[in-house]
Amino acid sequence: MERLMIVVPAYNEEEALPKTLDILGELVERLIKQKIIDIQSKVVVVNDGSSDNTWTVIEKFNKTNNVITGVNLSRNFGHQSAIIAGLSATLNFGDVFITIDADLQDDVGAIIEMLEAHAKGFDIVYGARNNRDTDTAFKKKSASAFYKIMKKIGVQMIPQVADYRLMSKRSVEHLLTYKEKNLFLRGIVPTIGFPSTTVYYARKEREVGTTKYPLRKMLSFAWEGITSFSVAPMQFVLAMGLVTILVSLFMLAYTVWEYISGETIAGWSSLMVSIWFIGGVQLIGLYVIGEYVGKVFNEVKGRPRFIIQDNLLKNNLDKK
Ligand code: UDP
Ligand code: MG
């Protein structure tokens, strides 16, 4: 029987966690009783440097409920790094891993389907939402535009997949060899290969607490996704530069023609326009190059993606 580790990243989730842990805890206990998963299967909550009582809640649950355990990061490292932290902390304790958000917007019922698919031989099982009813029109539109852009630049992403998925031990082992600091998991995981499939579920509204992805963070996450996988933005700037040069050639021809025809008073406005225009193009170009240089800088430093401060797993579990 395989040992399941459910990894739950949590950032300021003291309100949502108690219910989430009750539900996940019950589910794991039921699956253990039905002999579907190993008796030492756990729910592992990763406290991502919360400023509220998330860690206290985790510790309290850990004392009274023996399927619930946790890892405490030293500060906030971000959603994706928290998932990586949870997976690497649990790797040597489990056989099969499921990541799910702490707010339980994703239907936990899909866990059973994921395990069934895994039993049929799939290493990776993506949870995909079959509706976006709970999203605003803006989020729907922007999400679909994002998937289109990603597809265009050659990143295969399974649409409507967030970070709710099952991974086998060997796929997690390989995932952890991707050393990028700014991991964009939903783009990386499909590049691992291995047999994979998708289960569909309905995504609910967040019941308590607030989203940790306000618009600003969502946009920066999307930009991260694009620039982590492709230099297309640089090519776009190149294209813009070429167009600008073409335009200025026309301007040149126009000026010469004006000069020949003797009407040389014009000039100031076209000069100003081109200086500003070209200046703008150059600044954009510099910015995009800076973005990639900054990425290289960040990666080259090779700093840890997360730092674990407390680890309850070690007291709760035997190594596999
Ligand atoms: N999260 C995290 N670290 C962060 C931000 C978010 O661990 O810096 C967790 C959060 O607690 C939740 C999950 O990531 O479990 C997804 O966040 P949220 O539900 O706020 O995102 P949304 O569903 O609104 O996209
Ligand atoms: Mg959520």
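What follows is a chat about how some labels on this predicted model were reached.

Author: Ground rules: this is a predicted model, where local features need pLDDT of at least 70, side-chain atom pairs count only at pLDDT 80 or more, and totals for chains, interfaces and linings use all residues. Residues are numbered from 1 along each chain as its sequence is written, while chains are lettered from A and ligands numbered from 1 in the order in which they are written.

Reader: What makes Leu104 count as buried or exposed?
Author: The cut-offs are 20 or more other C-beta atoms within 10 Å for buried, 12 or fewer for exposed, and partly exposed in between, with C-beta atoms placed from the backbone. Leu104 has 20 other C-beta atoms within 10 Å, so it is buried. Leu104 sits in the loop between strand 4 and helix 4 (110-119), and its phi is positive, about 50°, although it is not a glycine.

Reader: And why is Lys35 called exposed?
Author: Lys35 has 9 C-beta neighbours inside 10 Å, so it counts as exposed. Lys35 is also a non-glycine with a positive phi, about 60°, in the loop between helix 1 (17-33) and strand 2 (42-47).

Reader: How do you know where helix 5 lies, buried or in the open?
Author: Helices here are DSSP runs of H or I with at least four residues, strands are runs of E with at least two, and both are numbered from the N terminus. Of the 16 residues of helix 5, one is buried, so the helix lies largely in the open. As for length, the expected span is 1.5 Å times one less than the number of residues. Helix 5 (residues 137-152) reaches 23 Å from first C-alpha to last, close to the 22 Å expected. Just after helix 5 comes Gly154, with a positive phi of about 90°.

Reader: What makes strands 7 and 8 edge strands?
Author: Two strands pair if DSSP finds at least two bridges between them. The open sheet has eight strands in the order 7-5-6-4-1-2-3-8, with mixed pairing. Strand 7 (196-201) and strand 8 (308-311) each have a single partner strand, so one side of each is left without a neighbour in the sheet.

Reader: How do you know which strands pair with strand 1?
Author: Count the bridges: strand 1 and strand 4 share four, in the parallel sense, and Ile6 has Ile98 as its partner in strand 4. Six bridges join strand 1 to strand 2, also parallel, with Met5 partnered by Lys42. Strand 4 (residues 96-99) also pairs with strand 6 (residues 161-168), antiparallel over four bridges; Thr99 stands opposite Arg165 there.

Reader: Why is strand 1 called mostly covered?
Author: Seven of its seven residues are buried. Leu4, Ile6, Val8 and Ala10 point one way, and Met5, Val7 and Pro9 the other. In a regular strand the side chains alternate between the two faces of the sheet.

Reader: What makes a residue part of the shell around ligand 1?
Author: A residue is near a molecule if its C-beta atom, placed from the backbone, lies within 6 Å of it. By that test 16 residues surround ligand 1, and the closest are Pro9, Tyr11, Ala102, Thr211 and Lys212. Strand 1 (4-10) and helix 3 (79-90) each supply at least two residues of the shell.
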